[in-house]
Amino acid sequence: MFDFITTSSFEHIALYWYLILFVASIFGGVVGSLSGGAGMITMPLLLLSGLNPLAALATNKLQACVGSFTGAAHYYAQGMVDMRSNALCITIAVVFASMGALSVQVVESAILSKILPFVMIAIGAYFLFSSKISDDDRAKSPHKLLLYGTCALASFYGGFLGVGIGTLVLAMLVGIGGYGLSKALASSRWIVFSINIASTLFFVLSGHVLWLLGILMCIGQAIGARSGAKLAIKHGAKIIKPVVICMCFAISLQLIIREFF
């Protein structure tokens with residue numbers, strides 16, 4: 001039986017990777033609902049399994065859709081999301097994520113990959129040292145044009161590469177939108193879901209998604225994302241802030257090692 005698991009393969013990867021990636025997707029779902037860093041856990045493992053980068057990215061996007069939607073739906077059910085105030089950001093996310101998903105299939109992403117770790121370090125430092133981050137809303141009249149412009153850039157990146165996109169959107173809503181941390185996390189899940197579903201559609205049409213693996217990871221994401229959302233609602237900024245900080249620096253370290261060493 002063990003020999004069968006280690007030697008058999010489906011969709012160009014060994015069978016035992018299905019178990020590893022299922023467990024990783026559960027953990028990723030928890031982390032994603034708390035900080036938006038699920039891709040940092042699942043994407044490296046997909047690449048390590050031997051998949052080509054486009055297949056890994058496409059399959060990761062598919063399972064991320066389920067994780068982000070599960071968390072988003074749970075936050076909405078708890079009355080933490082105002083869909084009307086987020087409608088324009090969601091629309092922007094769909095449009096620019098689609099553009100990013102089209103671009104990644106024809107454009108070299110190496111330069112963006114080298115810049116991203118330093119962006120994540122800056123975000124981590126902001127969450128670590130800012131005394132303004134709490135569950136209370138700060139901005140009565142946020143800078144709307146800056147918020148929407150930043151949303152467009154983040155959404156394009158989300159469709160293009162996507163690692164750490166949930167944390168980027170969370171930082172945008174807190175730092176520019178003036179949202180309280182719990183409200184920002186709840187709203188960010190809907191924006192990230194919009195980014196994921198738009199970009200996933202283009203990967204599906206291009207034929208890069210591995211469906212058996214993707215569906216298994218979707219199940220894991222749904223389990224983990226619901227648990228993570230419950231933790232976030234129960235503990236608020238006390239648990240969200242340290243998880244975001246840890247994920248920012250972990251993503252940065254991982255990307256620096258990969259891109260420069």
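1. The structure, which is a predicted model, holds 1 cavity of 30 Å³ or more. The volume of the largest cavity is about 220 Å³.

2. The lining of the largest cavity is made up of 25 residues. Those nearest the centre of the cavity are Ala38, Gly39, Ala64, Ile165 and Asn196. Two or more lining residues come from each of these elements: helix H2 (16-35), helix H3 (38-48), helix H4 (53-77), helix H8 (165-175), helix H9 (181-206) and helix H10 (211-235).

3. Which helix supplies the largest share of the lining of the largest cavity? That helix is H4, with 7 residues.

4. Sorted by class, the lining of the largest cavity has 15 polar residues, 8 nonpolar residues and 2 charged residues.

5. The largest nonpolar core contains 78 residues. Within this core, Phe127, Ile191 and Leu213 touch the most other members. Helix H9 gives the most to the core, namely 11 residues. As a general point, nonpolar side chains in soluble globular proteins tend to be buried together.

6. Cys246 belongs to helix H11, which spans residues 237-260. Is Cys246 buried or exposed? Its relative accessibility is 52%, and a residue counts as exposed when this value is over 50%; Cys246 is therefore classed as exposed.

7. Cys246 may also be compared with Leu128 in sequence and in space. The two residues are 118 residues apart in sequence, while their C-alpha atoms are 9.5 Å apart in space.

Conventions:
Residues numbered from 1 in each chain as written. Predicted model: local features only at pLDDT ≥ 70, side-chain atom pairs only at ≥ 80, totals over all residues. Heavy atoms only, no water. 1 Å grid on protein atoms, 1.4 Å probe; cavity = no way out; pocket = protein on both sides within 12 Å on 5 of 7 lines; lining within 4 Å. Points joined across faces, edges and corners; volume = space filled by probe spheres on them. Helix = DSSP H or I, 4+ residues; strand = E, 2+ residues; numbered from the N terminus. Nonpolar A, V, L, I, M, F, W, Y, C, P; charged D, E, K, R; others polar. Buried < 20%, exposed > 50% of the residue type's maximum accessible area, 1.4 Å probe, protein only. Core = buried A, V, L, I, M, F, W, Y, C linked by side-chain atoms within 4.5 Å.
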